[in-house]
Amino acid sequence: MVIIKIFCVLCILALNFSIPVQAETQSMQDEHHHHNMTLDSSGLVMNSNDNTLPQDCDKLSRDYNIKVYAGTKYAADYPGTVFGMDQHEYQVEPCSRITVTFVNEDEVRHQWMIHGLPRYLYPGGMFHLEAAGGHSQTGTFIVPSDNKTYLVHCDMSQHMEKGMKAQLKVGKGSGDLWAIPGVSKGFIQDIYIPEEIWIYLMMVSIAGVVITTLLISSKRS
Amino acid sequence: MYTRWLFFLSILVALMCFPLQWYPMALRLQLGQWLGADEYRAPPMAKIAADTTTELPCPEDLLNWRDAQTIAGVDVRHSPGCIVDNPNAVAAFVRGTNNVSQQILMASGLTPDAVEKGRDLDGDGDPDEIHIRLEVVELNGGSPESDLPTTQYAIAPGISPGFWVFAPKMFGMATENFESSKARSMLRLPSPAIRVEQGDIVKITLENSHYMPHTIHFHGVDHPFVDEDGEGNDGVPVTSEKPVLPGSSRTYNMQPRQSGTMFYHCHVQPHVHIMMGLQGLFVVEENRPNNWLQTLNVGAGHVRVPSVAVTEKFDREYDLQYLDIDIDLNNRIQKSNDPRLITRDMHRRYDITDAKSDFFTLNGRSFPYTFRESLVVTKPDEHIKLRIVNGGSTGIALHTHGHKVTATHYDGVEAKPAARITRDVVWIASAQRVDLDLETTNDGLHSYGSGIWLLHDHQEKGVTNDGIGPGGNVSAIVYENYLQENGWPKTQGMDFNKFFTAAYYRKEVPVWGDLLNGKFSDVEFDLWMLIRLLGLGLSLGVMVALVINGINKRRP
């Protein structure tokens, strides 16, 4: 467990250090990706793949049908979040085919986006469902054979931070990600203390001094 | 016994170490009379300048966004700045995102329902049913995974205050890609300028994609207090409607009868939400035949497809939005991730009556970034329409170098020609709009000729980034013959590279370090004086210890 945590820290650090290197010129090009994509006013499905096996799979192990519900009401069970999904962890077998139906019960867009898939099959390494408010989207992807934990999230600004984060474990997975509601705590954690904490701390410290002094003087006499 | 000697020794050392500079003046004069002037010792050397990494002032336009081009039958004008709007988005806003090809939508990043344009009701060749969908985006917000902000947006090198903005409805990720934390270019401050035509049937849907409640209030725009169904339509949570909750949406309806430069903003806890960036220009254009408007102008600035009425009288049009920022407010969204703690910090613990502004933006950027994208470019003998709103908490005294401008409209209402004032400092109070006619006739009044003429708030704090100048809302009126091919002005003054470093605005770089062979550079400290001061501190410590020791000994 500790090793996994250290690994996560290193990952985050690596991610952080890579950010300032991004050149301004690069950023303008990045807006023109070419993905396998269908887009209409109900949302989009990107990089859906229901027949091409990853290189390391001989055959499909099995099929999964996952129905995911998203919306603010699914945040109710997790204090400190606003956006939610009904499930935050998915467990599948290696080389399996997963069909996800993403049902958005809010009136704003939401996404079910998975990262880290092999780039030769999924441009950018991702599979992405995006449902406009009140709509649902369905798409399929096939996972490779290795034990790995994949990040699933909504990439709209602050939606992952405020609750829409999940993980997909293939096989045994590769540990838990940080800040998955119901699974793991945040790496940066809020501190919940009363506003008058300094008064309390001071009072306890004074009490410590008084008690110790009394004890020592009573022993002397 | 040795303690007594040690005590005298420490007094002696303390006296010797005590710097001459701290002696009383009378004593110094007396010493000077007895001993004469002090001997010369050279002050410390100049500090060698730190190696600072510089951003590229004017990044290359790899996708040819600056060029004049026709997209989906829309003539998108050449935009002369270094960084300009995505012309595909401009064309989609003109034609309607429901009326352009998949290819153009993909290149613009917009959803098909971002700006829907419907029927031509008056038969004059342009659509009169307009449906705009806006989301709420947080820039530079906090995260439970890292202490770096998410969906990053810098107003100047190294300066990234937290913002909330209305944004056009776009598909896909909020960042440029999975590896980057930078917000994609259309997610930015300020909220987009909205343009509709007089008499259009306008629907604006707020899809509240943010974790806090918001509304939209249409300031100065002709709109009914309630819509046809009796639903609140004024955006004010205490009088007309409940706030739009996270994940919910509301559609506002209007058919503006009067034209003019107006304003829109969130009206939930407005002293916080307006200052966080939930505000934009709202322009009602005069009705003309075949008047296809650029419904959204992302980031305000140059209008690449101006309306028919504007092109009748003006050669170019610019939207200018000013906003000042109290960093103590804006950075609160980065300090915790729990919305309950954030809202407590922002709406109860923050006290705007104690606020002071640290940063001053024009179209969402401060100098030097303003020079990349907010230059007002012109030629001689032109008329430029400047639509200006002051979205900030204090007034601005907008000064045009080299020009006297004429205010034609105040708060969207035309001033009678006899009442128009031509001047070079225009006062714009909070939420006020002024339309300026910038005339570039070289007559010594309207213009003094070609050049790079600054355009800035003359309240001096407004030309700084947290007290470091040049910064703030400084931009310029630049004549084309003073503009390089890449859009950067042919400046003849100081090297701009220094301003494109975060270190300069962290106050780490001397203002004139590169002038006059380092005569104004940073200074090394005086090592000898440091040793003396350390000696003084040590001997004082010894003295105190001896005094305490002495008192203890005398106790029975």
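Predicted model: local features only at pLDDT ≥ 70, side-chain atom pairs only at ≥ 80, totals over all residues.
The predictor assigns the complex an ipTM of 0.91 and a pTM of 0.91. For chain B, the average pLDDT is 95, and 99% of its residues score at least 70.

Chain A has 221 residues, of which 32% are buried. Its secondary structure consists of three helices and 11 strands. Of the contacts in chain A between residues at least 6 apart in sequence, 68% link residues at least 24 apart.

The interface between the two chains involves 43 residues of chain A in contact with 53 residues of chain B. On the chain A side, the elements that supply two or more residues are α1 (2–18), α2 (24–30) and β1 (37–40). The largest share, six residues, is provided by α2(A). By residue class, the side of chain A that touches chain B comprises 14 nonpolar, 17 polar and 12 charged residues.

Most peptide bonds are trans, and most residues other than glycine have a negative phi. In chain B, the bond between Leu189(B) and Pro190(B) is cis, with omega about -5 degrees. Pro190(B) lies in the loop that connects β5 (163–168) to β6 (193–197) of chain B. Another cis peptide bond, between Gly469(B) and Pro470(B), also has an omega of about -5 degrees. The loop that holds Pro470(B) runs between β24 (452–457) and β25 (475–479) of chain B.

This loop between β24 and β25 of chain B also contains Asp466(B), a residue other than glycine whose phi is positive, near 50 degrees. Asp466(B) has 19 C-beta neighbours inside 10 Å and is therefore classed as partly exposed, since a buried residue requires 20 or more. A positive phi, about 60 degrees, is also found at Cys95(A), which is not a glycine. Cys95(A) is placed in the loop between β5 (89–92) and β6 (97–104) of chain A. Because Cys95(A) has 21 C-beta neighbours inside 10 Å, it counts as buried.

In chain B, five strands make up an open sheet with mixed pairing, in the order β8-β10-β11-β6-β12. The edges of this sheet are formed by β8 (217–219) and β12 (296–297) of chain B, each of which pairs on one side only. Strands of a sheet pair through backbone hydrogen bonds, in either a parallel or an antiparallel arrangement. Within the sheet, β10 (residues 260–265) and β11 (residues 279–285) of chain B run antiparallel and are joined by six bridges. Across this pair, His265(B) faces Gln279(B) of β11(B).

Definitions and conventions: Residues numbered from 1 in each chain as written. Chains lettered and ligands numbered in written order. Helix = DSSP H or I, 4+ residues; strand = E, 2+ residues; numbered from the N terminus. Buried ≥ 20, exposed ≤ 12 C-beta atoms within 10 Å, placed from the backbone. Contact = placed C-beta atoms within 7 Å. pLDDT = per-residue confidence, 0-100. Nonpolar A, V, L, I, M, F, W, Y, C, P; charged D, E, K, R; others polar. Pairing = 2+ DSSP bridges.
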